[in-house]
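Please find below a short note on the model under review.

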Amino acid sequence: MYEILPCYGEEDGVYTARTHEVIIEERYTIWVNGRKILNAMTSPTRLEEFVIGYLVTEGIISHCQEIDSLQIEGNQIRVLTIHRAHIRSGTKTVLSGCGGDSSYLDPARLPDITSDFQISGERIHATIKKILDSDLHRLTGGIHVVGLAGIDGVHTVAEDIGRHNALDRVIGYALQHDIDLSHCYAVISGRISSEMARKCLVANIPLIVSRGATTTLAIHLAQGKGLTIIGFVRGRKMNIYTHPERIPGIEIVK
Amino acid sequence: MNIQTIREDIPLTRDLIYFDNASTSLMPSSVTRIMEDYETSFRSNVGRGVHRLSQVSSQLYWDAHEKVKAFIGGTDGVSIFGKNCTEGINQVAYGLRLNPGDHVITSVLEHHSNILPWMHLRKQGISVDFVRPDAEGYLHPQSFSELIQKETRLITFTHVSNVTGTIQPAKEICSISHDHDIKTLLDGAQSVPHIPVDVSDIGCDYLSFSGHKMLGPTGTGVLWMKEPDLEPFILGGGSIKSVTTSEYTLEDGYMKYEAGTPHITGAVGLREAIRILNHVGMRSVQEHELSLTRDIIHGLSHIPGVTLYGPKGTDSRLGVVSFTIEGQHPHESAHLLDDQYDIMVRSGHHCCMPLMDHFAIPDGTVRASLYLYNTREEVKKFLEAVTEISEGI
């Protein structure tokens, strides 16, 4: 996940040659049914899960069984779907940070969340601590962490240079392991952008939690579609922006 | 296992009783459809093409190799496609680059395809010895041990006999072989279609088998190698990384061995055949066939004038049953079964003349061989037919 590379460190105006752990970023080209659909900049791990999650959140497939073949050869990732007529055009680049991902999907046609999932604030506090405690982040300072949890605890945690990629990974993991996403919540280390909200909607994840902030567009999207957004989960505090009914015990102000 | 569903997808099963599966199996319509879909929607060459059709073809072709490897428990090895099991065996015979004085052990039980390539090597000074089976058609590991010399480079034998249906103790023989640092080639033509085969458990170095005996199209065969350590049989386009007028560098993996445009449609069909077999489950296939085999053996052994060859019991055997009817040439029996009863069986030497010599059956046998789509009702009709033929009705 990282390489130790040389750099110059500065402390109190004094520069010294040293090394530092730097997170690995790789470029992958994803092909679906013979067409290039994406150049992804991502961490070189759990690529199968990443691709499955990406294809699902982009609406190219709806479950793993629609993948007829998945080939990872160097930096080329090739997918054949069962319905091979479904060939998309164009390419796009997912930037490593944020804002670079632009979906083909029309937000107005995004699905509503279908779930009766509820989880206590207390459980969220405990889970976020568990998920976001990353050695790799401490070492490199260069990764995002995304976890997927259910009522019984954490299913999986993914680390990546991009939080969108990490979210795709945990969604891919869930689909590969037959985990019901309508009874899960996503825990992320970074900002809850509209893109993160959109991925949750397509995957039918009813709740997304972050120790960071969210955006107006994400809140707007979530409000209309039944997605609960919780930000600034720190210490003993949190902000619940949308659909608070998923947190038992909240007295909802009309 | 839902036999009816499978039979509905194989129109010929409605018209006749097909008991010649050791030769070639029938092919489900779904396999034909997949091949037709490929031909009409994605036909293109594999390998170097950049356009989308070539991308799809290349990936399907690659994936067929992966599915084949997984099917036989050999994901760590390399599988190469050829036109049949025979071609795979010949690739080993050529690719080992044996030297004069080297020694090969095979058996009398073998199909000609696992005898001729080795006999041919005798012309180059390579010696070949034959292990003899017991009266029921079993090869004993000890018999191989007795023939091993310090020059022995390869031990090759059939996993399942295409005459007696006997399943050989492949794991034990491979173990002896490896104790002496000798490579092993398993002829899986009759085993891979009918029983779960796991090369990682057996421990063989090479396994060859055909697609046309396992619901796939004719013209498809596989050679699996634990390591891609054989010299390629043929060279040419598609098998190289680079070429100059003074040298060339071969590709890695299966491409190294598959020069020229391969049978892509066949690979697509074989891939679908494997999907069907995986869906049914090879353990279920084996149990079903064994259950019918018990009926056949029990039935035939009670018909006066019928002589059975091979094991009398039903342990360690498959649904391949050889027999003769007293006073009748096997070809005549097979002709009557076809002409009068719409039952297809094989007759003659079954490409095993040395075995027929060994068993002293100069005219060969009648062979009934089963597959997953055969039924108890068909077995009953077959036994009634043999009874009538043997009574001269």
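1. The structure is a predicted model, and the remarks below should be read accordingly.

2. The annotated site in chain A. According to the unreviewed UniProt entry, the annotation "binding site" applies to A:Phe232, A:Val233, A:Arg234, A:Gly235, A:Arg236 and A:Lys237.

3. A:Val233. This residue belongs to strand S12 of chain A, which spans residues 228-234. Is A:Val233 buried or exposed? A:Val233 has 22 C-beta neighbours inside 10 Å and therefore counts as buried, the threshold for that class being 20 or more. Beyond the residues within four places in sequence, the contacts of A:Val233 are A:Ile124, A:His125, A:Ile128, A:Val209, A:Ser210, A:Arg211 and A:Met238.

4. A:Gly235. The loop between S12 and strand S13 (237-240) of chain A holds A:Gly235.

5. Helices H4 and H5 of chain A. How do the axes of helix H4 (residues 163-176) and helix H5 (residues 194-203) of chain A cross? They come within 10 Å of each other, at an angle of roughly 15°. H4(A) is therefore roughly parallel to H5(A), angles under 35 degrees being classed in this way. The crossing of H4(A) and H5(A) has right-handed sense.

6. Residues between the two helices. On the H4(A) side the contact involves A:Arg163, A:His164, A:Leu167 and A:Ile171, and on the H5(A) side A:Glu195, A:Met196, A:Lys199 and A:Ala203. By class, the residues of this contact comprise 4 nonpolar, 1 polar and 3 charged.

7. Contact between chains A and B. How many residues of chain A are in contact with chain B? There are 9 residues of chain A, and they meet 8 residues of chain B. On the chain A side, strand S5 (67-73) and strand S6 (76-81) each contribute at least two residues. The side of chain A that touches chain B is made up of 2 nonpolar, 4 polar and 3 charged residues.

8. B:Ile6. Helix H1 of chain B, residues 3-8, contains B:Ile6. B:Ile6 counts as buried because 20 C-beta neighbours lie inside 10 Å. With residues up to four places away in sequence set aside, B:Ile6 touches B:Pro28, B:Leu372 and B:Tyr373. The C-alpha atom of B:Ile6 is separated by 45 Å from that of B:Thr152, which is 146 residues apart along the chain.

9. B:Asp342. Although B:Asp342 is not a glycine, its phi is positive, at about 55°. B:Asp342 is located in the loop between helix H12 (330-341) and strand S13 (343-344) of chain B. Having 13 C-beta neighbours inside 10 Å, B:Asp342 counts as partly exposed.

10. B:His350. A positive phi, near 55°, is also found for B:His350, a residue other than glycine. The loop that holds B:His350 runs between strand S14 (346-348) and helix H13 (353-359) of chain B. B:His350 is buried, with 24 other C-beta atoms within 10 Å, whereas B:Asp342 counts as partly exposed.

How values were computed
Residues are numbered from 1 along each chain as its sequence is written. Chains are lettered from A and ligands numbered from 1 in the order in which they are written. This is a predicted model: local features need pLDDT of at least 70, side-chain atom pairs count only at pLDDT 80 or more; totals for chains, interfaces and linings use all residues. UniProt positions are given in the numbering used here, feature names are shortened, and annotations may be inferred rather than shown by experiment. Helices (H or I, at least four residues) and strands (E, at least two) are DSSP runs, numbered from the N terminus. A residue is buried if 20 or more other C-beta atoms lie within 10 Å of its own, exposed if 12 or fewer, and partly exposed in between; C-beta atoms are placed from the backbone. Two residues are in contact if their C-beta atoms, placed from the backbone, lie within 7 Å. Axes are lines fitted to C-alpha atoms, for helices over the stretch in contact, and angles run from 0 to 180 degrees between N-to-C directions. Angles under 35 degrees count as roughly parallel, over 145 as roughly antiparallel, 65 to 115 as roughly perpendicular and the rest as oblique. A crossing is left-handed if the near helix is turned anticlockwise from the far one by less than a right angle, and right-handed if clockwise. Ala, Val, Leu, Ile, Met, Phe, Trp, Tyr, Cys and Pro count as nonpolar, Asp, Glu, Lys and Arg as charged, and the others, Gly among them, as polar.
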